Structures are given as C-alpha cells and as structure tokens.
Amino acid sequence: MDINTIINLGNELQLLTSANIQALNNIRFTLPFTEETAVELKDVVYKCPDDYILLFLKLLNNVHMETAVTFLVTFLECLCESSNFATAFATIGARHHGVDPVAPFTSLVTKQNVALLEKSYSVMGSLLGVSDATTQAKPIATLLDACLAHLGRGDPKMLEVAVHTLAQMLRNPAVRLLFTAKEGCAPLIRHILNNSNNVQLIYEIGFCLWMLSYCDKAIVSMLAHNTVALLHDILRNSKKEKCTRIALLTLTNFVRLQQRQHGHAYASEDLPDAPSVDVDAKPLNILGDMVSVGLVRTLQLMSKRSFGDPDILPLVDSLLELLQQNIENTTSFADYKQEVLSGRLEWTPVHKSEKFWKENIKEFENDNYKILRELSSILNTTQDTKTLTIICHDLGEFVKYHPQGRRILNTLEVKTKILALKGPLRRGGQQAGFALHPEDHGPEVGVPWGCLSLVTRHPASWYPFQRALTLHVPPPHKTHIHTRTHIPIHTTTLLAVATPFEHPFFFAAA
C-alpha cells in the first residue's frame, strides 16, 4: 500500500481534485515511518493543516478497503503526536460547518483488524483528549467503555492499546471525571501489579494516574486502592527515569490536595464546575500514607543521587519540601486532639513525629488528662486492630517523653486495660518466648525496631521483664534481628508493639 494506491482509489470514487492529488504527492512517504520521514511528513502537513485534515476525512468517509484505511490512519497517528495538530483536527468543525472529525473513527474502533483497531483507538483518543466534551459526549463514553472492557480482559495487546488510548483521553478534564465515575481507577491500578516488568505499560499507566491526579475525586478513588504505596515502589525499583518522573509528578499532586484540605490555595486544572471533595465527609490521610510507606526517607536518598533527566532532582526536592512543610503543619496538638476525639485513628504523621511528642507532651495533662482518658475509653470499646495498635503506640510514646508517664498511666489504669487485651496464639508462638515464623512474613523480612513483630500473646508469656526482651528467630529465617537478640526497654513501663499481623501485640516491662 502506498500513496499511488490511495490516489487511484480516490480517482475511482471521484473524490479527488487536482489540489488533493498534489497534496497527496507531497507526502509520498513509505511505511513504516523512520524518524526522519516522520519529521518530513509533519513539516509538510503542518504548513496547511486544515487542507490535509479535510482531505483525510473525505477519504476515510468514503474508502472502505481496510488496508487503505489502515494506511491513512497510520499517517494520522503520526501527525496526532503533535498536540497542536490534534487540537486543529478536533476543532475542524468550528472552522468548517458540518464537519465531524470523530465520526469516521467511531466505526473503525469496532473492527476486528488488530492493526487498524490499534491505530484507530490511538487517533480517536488523541482527538477526544482535546475535544469539547459537550459536543463529543457520546464518542467519549463509547471509547471509555471499550477501554475499560479491555482492562478487564486477558488480551495483553489490547490492554496496551487501551492504556495508550486512555493516556491520550485523560488529558481532557471532563474525561477524568467520567472515567472516575465509571470506577476506572481500580482496574487501571491493578495492572501496575500484574505487569511490573512491562516498562512502557507501567509508564503509560503512570501517565494516566498523573492526568487523573488533577481531579480531586479521582485522587480519592486512587487512594482507596493503595496508590501511594505503588507509586513509592516505582520510585524505589524502577530503572527507567521516565517512570520515576511520572510517579513524582503524581505524588506531588496528591500532596497538593492535602494542602487544600488544610486551607492552602491550589489552582486545579479541572473544570471550574468540577465537584470538589467534601473534606468533612471524606477526610484524607495522604501525608500519613506517604510517611507510613517511607516516602520521606526514599526522597532523601534520591536527593543524593544523580539522574540523566534534569527534571527529576528538582521534582524530588520540591516534593520533599512539600512533604516536610505539610507534615509540620499537620502535627499540631489540635490535629491530634481532633483525631482522638473522632474515635477514628489513622497512621497520620503526628503519631510518629518525634518533634510532636517532645513539644506537646505537657498538653496531655490538660482537662484532667482528657485525651489520655479518651484513648483509654477507646481501648474498651473498639475491636479494630489498627486503632488498638495506634493507641498503644501513642501511650508508649507518652511514657517515653513524659517524666511521670509511668505513674500517670498506672493512675488511669491504662496498663491494666492493655494487659487485658486478648488474642489468639498464632503459629510460631512459643510457650515462654516470641518467635517470627516464615509463613507469617514470607521467606525474607526486615524487621526494624519501629515495627517489631512478635507472634504470641499466650498467657504464659505475661511475665515481668527486667531490662530486655529476648526474641527467638527460628533458623534459617532471614531477618535484621539476629537470633536471641536482646532488645533494651530502658525505663519504659509500657511497650507497645505494632505488627503487620492480624492482631497487635502488647507487653509490659517491669
């Protein structure tokens, strides 16, 4: 297939004028395009884009030979790599009455020819990504539904086509809202886990997430599917800097939404009438999620590296600064008090902020230890494992930083309530000791002190510790804590241990 064949078909159908034939002769390039021929094609077409757009539309509306149509769409796919050309194509109807730029592609995206389907999706996605959503509402919904269907199927090729198309479409703010309403975030995010070795696919999914991060409702949906942890994994593990860059851009937008919840201005690129997130109904814990996965430490390490992409280090520094500023702003005692009184505790930055505990420890004495009493009350009423773990962590921090912490908690009978917590003996548990078990963690696990994992609460284990806790690690289990390691308790009466297991584990020291 070549330009001569297209000209002959056009003449047979009496479609072409002499000017049309001359225009086609000016783009007499052989497929596939090389880098040089692609540049030459664009240079020719961009001089008179409307003439070529009208010519291509006339041919696509009248030529039905699939090889010829595929040839024409291949040219358009190359041309639509330029956002200026895609915009000119999408808005041709405003300059030429009655011309619909999308109409030919609505039938092409139903073809069985994979090559034609792939290129038609790509061109249509490029056009709808810059189209007026009010005039192209039906094609947008149709193509979104088709892409979502492919996300749920097992065809690797069409998965790549669908993700590439979404990367084009989601440039449009109205498409972001519709995609979120159709619950598209979950299947998109799932493919990050299922295709970790496909770098280009991961990049394009990341690009989709970046586009979606300009939509508040989309961010809320993404956060519900562990997106912060997945993006953090990309930062830590990706060997491709383009994936690193897109993850940083997305996380930065997440932080800016948190800023908006705390009253900081942030100019969103969404539609002016896009519904905003109801902060009271859906409070977010974006910073807490980022702190809990170790993002701050990862950014600090990245800031000391060199990158070939000159944009990455400024993005790292900017995100790190944003995080540090906002963590400081959200670790006030007022924020902590509000969280405790709500009864819904999350791993927000305040819980693990050394600065918070040092500066606000005396605030816990206010109103006859109201906050401590509230924490003690929640211990009696909640069965939520995470809440219990956070409370015991905080009580441990109180004992650590308050000079009379041990006496105060004994007076409030908090220690008794913690010791009354019941839980099943898990596999790996020992009658008078504590053991990690490979089945609980997997073949390898690093266990830093902050999340020390102990696996028994058998009654025989409740005995006074003197100065250390002995941890038995069954060989050949690999861990950062060596066999029979002694962990100093110092003068802390209460030792609260957060674990990744089903239940938290709590211990008291003499």
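Is cysteine 243 buried or exposed? Cysteine 243 counts as buried, at 3% relative accessibility. Buried means under 20% relative accessible area, exposed over 50% and partly exposed in between, with a 1.4 Å probe and protein chains only.

The model is predicted: local features need pLDDT of at least 70, side-chain atom pairs count only at pLDDT 80 or more, and totals for chains, interfaces and linings use all residues. Residues are numbered from 1 along each chain as its sequence is written, and side-chain values use heavy atoms, with hydrogens and water left out.

**View 1. The second largest pocket and its lining.** About 320 Å³ of space lies in this pocket. A pocket is an open set of points on a 1 Å grid over the protein atoms alone, where a 1.4 Å probe fits, with protein on both sides within 12 Å along at least five of seven lines. Its volume is the space filled by probe spheres set on the points, which are joined across faces, edges and corners. Lining residues have an atom within 4 Å of a point. There are 14 of them, and Ser196, Ile202, Ile234, Asn237 and Ser238 lie nearest the centre. Helices H13 (185–194), H14 (199–212) and H16 (227–237) each supply at least two lining residues. H16 gives the most, with four. Helices are DSSP runs (H or I, at least four residues), numbered from the N terminus. By type, the lining divides into seven nonpolar, four polar and three charged residues. Here Ala, Val, Leu, Ile, Met, Phe, Trp, Tyr, Cys and Pro count as nonpolar, Asp, Glu, Lys and Arg as charged, and the others, Gly among them, as polar.

View 2. The whole structure holds 16 aromatic pairs. Phe333 and Phe364 have ring centres 5.2 Å apart and planes at 80°, so this pair is edge-to-face. Rings of Phe, Tyr and Trp (its six-membered ring) pair if their centres lie within 6.5 Å; planes under 30 degrees apart count as stacked, over 60 as edge-to-face and the rest as tilted. Phe333 lies in helix H21 (residues 333–342) and Phe364 in the loop between H22 (354–360) and H23 (366–381), so the pair ties together parts 31 residues apart in sequence. Phe333 is buried at 11% relative accessible area. Phe364 is buried too, at 1%. Phe364 also pairs with Phe398, in a tilted arrangement: 5.7 Å centre to centre, 55° between the planes. Phe398 lies in helix H24 (residues 385–401), so this second contact ties together parts 34 residues apart in sequence. Phe398 is buried, at 1% relative accessibility.

**View 3. Lysine 242 over the face of tyrosine 203.** The distance from the ring centre is 4.9 Å. A charge sits over a ring if NZ of Lys or CZ of Arg is within 6 Å of the ring centre and within 35 degrees of the ring normal.

**View 4. Cysteine 185, in no disulfide.** A search of the whole structure finds zero disulfides (pairs of cysteine sulfur atoms within 2.5 Å). For Cys185, the nearest cysteine sulfur is that of Cys215, 8.0 Å away. Cys185 is buried, at 0% relative accessibility.

**View 5. Helix H15 (residues 216–223), mostly covered.** Seven of its eight residues are buried. They are Asp216, Ala218, Ile219, Val220, Ser221, Met222 and Leu223.
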